[in-house]
Amino acid sequence: MNYTLAPLPYAFDALEPYIDARTMEIHYTKHHQAYVDNLCKALDQFPELYKKSLEHILKHLDQLPSSIKTAVQNNGGGHYNHSLFWSMMKKGGGGKPKGALADQIAKQFGSFEAFQEQFNTAAKSRFGSGWAWLIINSHGDLEVTSTANQDTPLAFNGQPILALDVWEHAYYLKYQNKRVDYITAWWHVVNWDFCTAQLDR
Ligand code: MN3
């Protein structure tokens with residue numbers, strides 16, 4: 001058992017009123033914890049896999065023993081995605097990125113607003129459960145995309161820059177079926193400093 005739940009970088013109520021404390025508490029202590037536990041349950045059967053990084057494992061899912069592939073894809077992805085997601089938000093976040101990320105967004109999408117619109121569309125139109133992403137794609141360009149369930153951009157060689165969880169568990173208590181309201185509110189807590197630092201990874 002090698003993976004553990006890292007401390008949340010802020011209090012459950014830090015992202016109020018945009019993301020409510022009860023949702024944060026359940027999302028982190030129940031959902032994220034379950035991904036960690038179930039990832040370990042799968043890897044415990046093949047402990048040598050603990051020597052590989054989670055990123056490596058998620059980039060090479062086809063190399064996994066078939067008996068645990070789906071469990072690792074879902075729960076390893078869940079652990080990886082949520083770890084990023086918590087860090088990509090902060091109290092007093094929002095606004096626009098600065099520096100290198102701002103420049104690259106302007107170059108690639110024309111403007112921050114044009115990028116935001118593409119991202120919103122990806123987040124709104126992801127059917128069912130999944131994630132919206134800004135990634136660096138395999139050509140080294142910024143790209144907006146989305147994934148189903150807990151699939152990660154690592155599987156298609158994408159490096160995450162910004163992520164939004166659009167599973168209902170991320171917003172249903174406060175926003176019910178109004179995913180668009182959740183997306184709109186979430187922009188107020190984006191941690192652009194963390195996202196910008198992802199460019200240099
Ligand atoms: Mn989630």
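Q: What counts as a helix here, and where does Tyr10 lie?
A: A helix is a DSSP run of H or I with at least four residues, numbered from the N terminus. Tyr10 lies in the segment before helix H1 (21-43). The model is predicted.

Q: Why is Tyr10 called buried?
A: Buried means under 20% relative accessible area. Tyr10 has 14% relative accessibility, so it counts as buried.

Q: Which residues does Tyr10 touch, leaving out those up to four places away in sequence?
A: Contact means heavy atoms within 4.5 Å. Tyr10 touches Leu15, Met24, Trp86, Met89 and Lys90. Met89 is 79 residues apart from Tyr10 along the chain, with 9.4 Å between the C-alpha atoms.

Q: What makes the pair Tyr10 and Trp86 a polar contact?
A: The cut-off is 3.5 Å between N or O atoms. A polar atom of the Tyr10 side chain lies 2.8 Å from the backbone oxygen of Trp86.

Q: Which residues coordinate the manganese ion?
A: Donors must lie within 2.8 Å of the metal. His27 (NE2), His82 (NE2), Asp165 (OD) and His169 (NE2) coordinate the manganese ion at 1.9 to 2.1 Å. Their spacing along the chain is H-x54-H-x82-D-x3-H. Asp165 and His169 are buried.

Q: How do you know that E1 and E3 pair?
A: Pairing takes at least two bridges. Strand E1 (residues 130-136) and E3 are joined by 6 bridges and run antiparallel. Leu134 stands opposite Leu162 in E3.

Q: Why do E2 and E3 stand at the edges?
A: The open sheet has the order E2-E1-E3. Strand E2 (142-148) and strand E3 (159-165) each have a single partner strand, so one side of each lacks a neighbour in the sheet.

Technical notes: Residues numbered from 1 in each chain as written. Predicted model: local features only at pLDDT ≥ 70, side-chain atom pairs only at ≥ 80, totals over all residues. Heavy atoms only, no water. Helix = DSSP H or I, 4+ residues; strand = E, 2+ residues; numbered from the N terminus. Buried < 20%, exposed > 50% of the residue type's maximum accessible area, 1.4 Å probe, protein only. Polar contact = N/O pair within 3.5 Å; in protein donor to acceptor, adjacent residues only side chain to side chain. Donors = N, O, S within 2.8 Å, 3.2 Å for Na, K, Ca; no water.
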